[in-house]
Amino acid sequence: MTGGWRRDLRHLLASWIYILAAALLALASYMAGAATGYAVVLFMLLFGLVLVRNFPSDDDTALTVPVVPQNAALPDPMPMIRATIDALDIPVFVLGRGADLMAQNSAAQRTFGDLAAGQHVSARWRSPGILDMISETIETGAPNQLEHSERLPSERAYIVRVAPLEPRDAAEQLFLLSFSDISELRRLDRMRSDFVANASHELRTPLASLRGFIETMQGPAREDPKARERFLAIMLDQANRMSRLVDDLLSLSRLELKAHVPPAEKIDLGPVLGHVRDSLAPLAGDLGVDIRLHLPEGRLEVSGDRDELVQVFENLIENACKYGQEGKVVDVTVRREPGGATEVSVRDSGPGIPAEHVPRLTERFYRVNVEDSRSKKGTGLGLAIVKHILTRHRARLIVKSEIGKGSDFTVRF
């Protein structure tokens, strides 16, 4: 009780200025002619208001914030962290200050396997770049990232990022290690750079030939009619080669623009294959190759674009005639399976293709034999065009070949 009155007295003394103001106001009213009783009542009223303002109430005491002891146990943030990172679709790991693994999400487990909690990060990644980056972030608290490549079990490229994680009430600072897969972007970059380099090379060769022949005709062969005729024929051949290359590049560009739009028209494969055989008959006759067409009875309808399908089968049958001419026969067979799938097989009896080349045949500018391809007026883009057309048609190209027994290119719708 005594302590309470002392606390109240301190509040009262601290408010002396308010009490003095109340007294002066009451005195002023008395000097102005107010009755003595009125001045006393006014002073008591103002004095009471000062007391009410400065003395704490029971409600104020109840609102006092409790002080948490310094050595009280903090809540564990790991369950919430695990639930959060598990919702992410990229591999994520939680590290402690000692670079030890504390948690991983499902994407990390699928990509890198199940890593035991508590082991040091170097038990899985021995890359000096990653380890130095993590150590620097732990020391400075600043986020870091780098590009990292792995060769096993398959070649992949990642952007690896580490950043401090500061959950509320955590007992220690944590760090988030994430892996963003950029393998597809790097593959596309390589394809683009290879494409530019190959296209430049393919155009540079005929341009250099044209320039050389033109300079020769302007100089030493100016008055040589025979040399001029021979050079003009070669120049025309080189110009035609560049024209074919540009046409194929434009075809690829157009196909890429509409690759996501599948054709909806119904096409009968019988007339399409008959048209291709007839258009290639003069070439096959010059090469001494017989194109045999094997069609079942009835209509063979597939969803497709007629002009693009003509381009596919012209490429495949022309290649079979050129590169399999030693076998003298090209068989084009159409089969319809009971499940509804339709297959068109183009088979030659030529020398065949080595197995190591088969997976890369549809790459742009890829050739099994560069000189042989150029001598037969190939651009190296024919099968790449076939692949793009079939991708748009939601069809597949299946290649089988044996050395000495020929090759079989099958389109499966």
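Let me start with a word we'll need: a residue is buried when its relative accessible area is under 20%, exposed when that area is over 50%, and partly exposed in between, using a 1.4 Å probe and protein chains only. Helices and strands here are DSSP runs, with at least four residues of type H or I for a helix and at least two of type E for a strand, numbered from the N terminus.

Quick housekeeping. This is a predicted model, so local features need pLDDT of at least 70 and side-chain atom pairs count only at pLDDT 80 or more, while totals for chains, interfaces and linings use all residues. Residues are numbered from 1 along each chain as its sequence is written, and side-chain values use heavy atoms, leaving out hydrogens and water.

Okay, the overview. The chain has 13 helices and 12 strands, and 33% of its 413 residues count as buried. A contact means heavy atoms within 4.5 Å. If you take contacts between residues at least 6 apart in sequence, 58% of them join residues at least 24 apart.

Now, helix H13, residues 382-392. The buried ones are Gly 382, Leu 383, Ala 384, Ile 385, Val 386, Ile 389, Leu 390 and Arg 392. They pack against H9, helix H11 (306-323), strand E11 (396-402) and strand E12 (406-412).

Let's look at that H9 partner. Helix H9 covers residues 225-257, and its axis comes within 10 Å of the H13 axis, crossing at roughly 20°. Axes, by the way, are lines fitted to C-alpha atoms, for helices over the stretch in contact, with angles from 0 to 180 degrees between N-to-C directions. Angles under 35 degrees count as roughly parallel, over 145 as roughly antiparallel, 65 to 115 as roughly perpendicular and the rest as oblique. H9 and H13 are therefore roughly parallel to each other. On the H9 side, the contact is made by Asp 248, Ser 251, Leu 252, Leu 255 and Glu 256, and on the H13 side by Ala 384, Ile 385, His 388 and Ile 389.

While we're on H9, Val 246 sits in that helix. Val 246 is partly exposed, at 38% relative accessible area. Val 246 and Thr 379 are 133 residues apart in sequence, yet 9.5 Å apart in space, C-alpha to C-alpha.

The axes of H11 and helix H10 (residues 269-287) come within 9 Å and cross at roughly 35°. From H10 the residues involved include Leu 269, Val 272 and Leu 273, and these meet a set in H11 that includes Leu 309, Val 310 and Phe 313.

Last topic: backbone angles. Most residues other than glycine have a negative phi. Which residue just after H13 takes a positive phi? That's Arg 394, at about 60°, and Arg 394 is not a glycine. You'll find Arg 394 in the loop between H13 and E11. Ala 99 also has a positive phi, near 60°. Ala 99 lies in the loop between strand E1 (92-95) and strand E2 (101-104), and at 7% relative accessibility Ala 99 counts as buried.
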